[in-house]
Structure formats: structure tokens, C-alpha cells
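These notes are meant for a colleague who is meeting the structure for the first time. Please read them with the sequence and the coordinates side by side.

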Amino acid sequence: MRRIYAKEEVCIGCRLCEIHCIVQHSRSKKIIKAFQEEEDRPLPGLFVEESGPVSFAVQCRHCDDAQCVAACMTGAMRKDDQTGAVTHDADKCVGCWMCIMVCPAGAIRRDLEHGKIASKCDLCGGEDTPVCVERCPNEALTFEDRGE
Amino acid sequence: MTISYLTDDYEIVRDESKCIKCQVCVRQCANAVHSYDDESDEMNSDGGDCAACQRCVTLCPTKALSVRRRATEFRQNANWTGPVQTGIVKQAETGGVLLTSMGTDKPHPIYWDNIVLNASQVTNPSIDPLREPMELRTYLGRKPDSLDLDFSDGAPRLKSQIDKQLKLETPIMFSAMSYGSISYNACLSLARASQAAGTFYNTGEGGLHKDFYEYGPNTIVQVASGRFGVTPEYLEAAAAIEIKIGQGAKPGIGGHLPGEKVNKAISETRMIPEGSDAISPAPHHDIYSIEDLRQLIYALKEATNYTKPVGVKISAVHNVAAIASGSVRAGADIIAIDGIRGGTGAAPTVIRDNIGLPIELALAAVDSRLREEGIRNQASIVAAGGFRGSADIVKAIALGADAVYVATAALIAMGCHVCQKCYTGRCNWGIATQDPYLVRRLNPDVGTRRLTNLLRAWSLEIKEFLGAMGVNAIESLRGNRAHLRGVGLTDTELRILGIQPAGD
């Protein structure tokens, strides 16, 4: 399946991927409105890890054998047969955080503002290029099928 | 210490109605112009060190930022202008030579803008380059005085031995920019784009990083006064060798790469200790005459077994024609001439702005002189120094150049906004810096693509020019000054340029 890959050697740590992810998952999908007016703004589904000059965006690997799906007791975490994307249903989530415990990539975070919702990448639907890849100013993110 | 009397050159205008406080500007400015106060949840911008490089403006996702010249006006004065006063204040506070980078920003005349090109009408047909083949291929190097042919087998066979030539698919090369003055990724982009476009880039005097040896067939290596990184392998790896005598932005001045920029990779490539200043002397200490130059040219030819052209790069100075003639007679296969508008990674401002000749006049003078002396075929001429687009290039070729070198335009293609702060090593675009935080900002894949696009676009435009003039090969335009006319030039300027006034 097509996955997002980070090229750490050209990640510039600007965090525009996080910003555009938030916009894409906001109600209005309009950047200024999402940040200035919408109060229930979601967390970004990916986040930039930094250590000194090295940085790169960490996001869900959408594992074939997704541990988070196996660990989820309510079925909130689900792997889509069609796109391969691992998605999260906020309505079913009870906030046990087992997904966070088992995630090998550390790609799931608690959304404390919204209570029990786990926040993670949903590949923006999985069909078109995800917005973080599309908007990365230095092409440090790619969306491709590496046969993994 | 008392306060500085300097005032800020630029100010940031932040449209609060658009700012989303995402702090991209904070993270992208190496000059620490922007900051975020989390106590008051406020974005602040202090124009102090703003170089107007446009990095924050370009990356701001809501277009909330603009950079403007600070509104403060110096009292109007035609002599004591703001920049003049600022220069004096800086020197009064530091006691130092004012440094700058890139080509001069003074309004030196750009003769290209006073030269117009010809086109075909009625009596000679123009050519549509989209429908008919158009030849831009250019060979640089020594051409024989005459061609001897052997007809003994019936079909003619070339008897003369032709010296090794550089084959360019377009008459545009990237001029010398050293690894050190620009980043690894910038060098890599130039090398890859040269390979893709079938042309050449020049290493400058910084040696050749081991990773770039694979681009050797598209590389011109420089031997400059500091001899940095010059080894048999370095010479062997290249397609051609260039002896750098001078640079348009700083004729008569050597180079200076500050120790802060000399990291491990650069120290290995230049063969100097890490952290030490890389100072190249003003002259080559083994070249004090044309005869000495001949010795070095032939030493390099011997060292490479006469397998590659050896060129000489000089800056355009008063006796440029005589110097070029001497260099050709000394054995140079290519003469590169760098005009007063040529760029640099670092130079004293007064030197950059006041020494040298416009490339147009120097090029015309050199081409005329070599023709008069009957030695024009012995060397190719490469013109450099502030070429802004295909029109300048076409005019230069008609004026007598075989090819041109471009560098500033290449940097702009990679993101440079000509802020003239290369010498600080804090290039926000990741080009003229070695800071590990900043160099990653130039993705070499992106850089290569943008440079390749630029070469392609200019080449297409050159073909359009040729078609309009009714010629189908750049060779038919080369040195053909009948295609040029001067507008608004004095008789003396027209005489030196060797062109007629428009209307004549």
C-alpha cells in the first residue's frame, strides 16, 4: 500500500505538515478560520520530532499487522480493507490508551482537549496524496508504495 | 558601550487578521527576527537583523507577512544618502572593511538593455523552432588554424588532430561557486542539473567533494591561488581545468572563507585544518607574467596528459583585451571573462562596487582583439557577470562569446533572494551556509529540478530568438554583430561594442 515516508535529511522542521493536517481535519478546512475561530480544533495526526538539526515527521505507519487494532477493545481502531489505512472512530473510543501502549512507532497521541480521543494519521482518506505530503515545502514527505 | 547609531533597514508587517501564530516564521528565520511570547500568546517581530530574504514571507501559510523598507526616512540629500550614512556609521562603530556578497547593487550601466536584436522580415524567412530543428550545441576549446583532409580513400577523411573540446548541449554553464561558499546540497544540485542538461558546472576554488567525482564529466575544476583541494585525482576527475586569476566582483582580491564555515567535510575537500580560515592569496605567487601563466597551463596539461582543455578566468579590467590575448598565446584553450556585475560569496563592498568593466565592453574588446590578431580560433570565450536571462545570453553570443557562465541566476532558481548576506553564513535558503540546521533547507532533488527547468526554459527562448533571426544554429549567431544594434549609446560605446546604432 501507499504510505507516507519522511526524508529526515531534508526535513526543515517548519511544522507546516502539522498545520496543514490540522486544517484538513478542521470543520471549515480554511486555515485562518480553523485557527482563529474554531475552538474544537483537532490535534495534528502527525508530529515533527526534533533533536538538534535533525527532524522528521512521525506519523502512523498503517501497519499490515496493526497492533493498535488488535489491542482496541471497542473496535474504535480499524484497518480499512480497501485503502489499508488504520483509522480511529472517536465515537467508539473509551480512552483506555492501549493503542498508545502497543504502537511501535509512537505515532498515536492523546487528545486531552477532547477527552478520550486518540489522535493519529488517517492518510486523509488514503486515495489522494495526504495534505502533509502535498504541502511540505521541501518535499521531505513522500507518499508512495514501496512494496512494504 | 553606547548605543549603536544604526537604524533598521527593514521592518516586518504582520497582518494580525491572517496570522495564526503557527510560528513557522520563528522556526525559519536564522536571524532571529521573529519570536513568540507564550506568556502573552503574542507573535513579535524585530526588524533589526532582517535581510529581506523573504524566507518567512514565502513559507507563511496564510500570507500574513510582508517585509518592507523601514518607513524611517533619512533627510533627503543627493550626496549623503541613507546607504552612504549607514556605511560610515558601521565603520565608525567597527573600524572594519565593509563586507558584502553577490554582484554589485550599484546602478552600473547594463549595456544589454541598450542593445536590440534583429529579426527576419520579408526578404529572409524566419524559422519556427517548434517545427524545425534548432541547434544549440556548442564546443569549447582550441580549434585548429586550418583543417587538413585526406581524400586518398575517395571519401574525405579528417587528417588534422582536433584538441579535446567540451561539448555543451546549450551555451550556458554554471560559474564557479566553491563548496564552502555554498552548501553540499547546492553543489550537488548544480552538478546534477549540469549532467541532466548536458552542460558544465564549475567547482570554484574549494576542491571537489568525493561524492561529486561521479559528475566529473560535467565538471570544470578550478585551480586558484590557494590551490585548495588540487590533487592529481581532482584534475583527472574533471572535464576541463580552469586557472582562476580573477573574479568580476573582486578583481585583484583573493578569497576568504571564514573558519566557522570550514567543517570536517570542507576541511577534507580543501585539504586544510578544520576551523581554519581558507585564505587564497590575491595573486598566484607563481604567476607574475604571461610566461609564468604558460608554465602553469602546460604543467596542468602535462599532468592530465593533454586530455582536457585548460582555461583561464580573468576579471574584466582595463587591459582585458591584452591580458586575454596573452593568455591565449600562453596556451589557454578557453578564456572566461567576468564582468563588474559578477557575484561573490564575500568581498569588500568598495572593491565590488568600483573595480572592473561591464562585461559587454570587455567581451567585445576581447573578441575584437583576438580576431585582429588572428588567434580567435585558438580559444573559446566564455562571458560571465550578471547574466539575467536568455536575451542577455543571445546578445553576448552575437557579441562574440562562445558560451556564458551564470551563477546568480542559478542561485535565484534554487531559492536565493539576493539579500547579499552570503558572507554571514546564515543563508535562510540553505544555499550559502554550512549550518546543519540550514543546509537541509535546500532539497537537492528540488534544486536540481529548478535548475534544469531554468536551463530548459532559457534554451527554448534562445531557440525562439534564433528562429526569429532566421538562423537555425547558435553557430550562425556567434560573433555576428550584424544582428545587434545600439540604442541610446554614444559613438565611443558603439565603437567599442563594434555595433551600429539602431536605424543604421
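Predicted model: local features only at pLDDT ≥ 70, side-chain atom pairs only at ≥ 80, totals over all residues.

1. Two strands are said to pair if DSSP finds at least two bridges between them, and the helices (H or I, at least four residues) and strands (E, at least two) named below are DSSP runs, numbered from the N terminus. With those terms in hand, strand S12 (residues 201-202) of chain B is joined to strand S13 of chain B by two bridges, and the two run parallel; the partner of B:Asn202 in S13(B) is B:Ile220. On to the next strand, S13(B) is linked by four bridges to strand S14 (residues 240-244) of chain B, again in parallel, and here B:Ile220 has B:Ala240 as its bridge partner.

2. Residues are numbered from 1 along each chain as its sequence is written, and chains are lettered from A and ligands numbered from 1 in the order in which they are written.

3. On confidence, the model scores ipTM 0.92 and pTM 0.95. For chain B the mean pLDDT (the predictor's confidence in each residue, from 0 to 100) is 96, and 100% of the residues of chain B reach 70 or more.

4. How many residues of strand S13 (residues 219-223) of chain B are buried? A residue counts as buried if 20 or more other C-beta atoms lie within 10 Å of its own, as exposed if 12 or fewer do, and as partly exposed in between, with C-beta atoms placed from the backbone. By that rule five of the five residues of S13(B) are buried, and the strand is mostly covered. B:Thr219, B:Val221 and B:Val223 point one way from S13(B), while B:Ile220 and B:Gln222 point the other way.

5. Chain B also holds an open sheet of three strands, in the order S6-S22-S23 and with mixed pairing. Its edge strands, each pairing on one side only, are strand S6 (115-117) and strand S23 (500-501) of chain B. Three bridges connect S6(B) with strand S22 (residues 484-486) of chain B in the antiparallel sense, and B:Ile115 has B:Gly486 as its bridge partner in S22(B).

6. The domain assignment of chain B, whose bounds come from an automatic or database assignment, gives domain 1 (10-96) and domain 2 (138-145 + 164-501). Their C-alpha centres lie 34 Å apart. Nine residues of domain 1 of chain B and seven residues of domain 2 of chain B take part in the contact, where two residues are in contact if their C-beta atoms, placed from the backbone, lie within 7 Å.

7. A nonpolar core is a set of buried Ala, Val, Leu, Ile, Met, Phe, Trp, Tyr and Cys residues joined through C-beta atoms within 7 Å. The largest such core has 184 residues, and those that touch the most other members are B:Val320, B:Ile335, B:Ile337, B:Leu363, B:Val366, B:Val382 and B:Val404. Domain 1 and domain 2 of chain B both give residues to this core, so it lies between them. Leaving aside residues up to four places away in sequence, B:Ile335 touches residues including B:Val312, B:Val328, B:Val366 and B:Ile381.

8. Between the chains, 18 residues of chain A are in contact with 16 residues of chain B. On the side of chain A that touches chain B, helix H1 (16-24) and helix H2 (31-36) of chain A are the elements that give two or more residues, and H2(A) supplies the largest share, four residues. This side of chain A divides into twelve nonpolar, three polar and three charged residues; Ala, Val, Leu, Ile, Met, Phe, Trp, Tyr, Cys and Pro count as nonpolar, Asp, Glu, Lys and Arg as charged, and the others, Gly among them, as polar.

9. Two backbone angles deserve a second look. Most residues other than glycine have a negative phi. A:Cys124, in the loop between strand S7 (117-119) and helix H5 (131-135) of chain A, has a positive phi near 50°, and A:Cys124 is buried, with 21 other C-beta atoms within 10 Å. B:Ala32, in the loop between helix H1 (24-28) and strand S2 (34-37) of chain B, has a positive phi near 55°, but B:Ala32 is exposed, with 12 other C-beta atoms within 10 Å.
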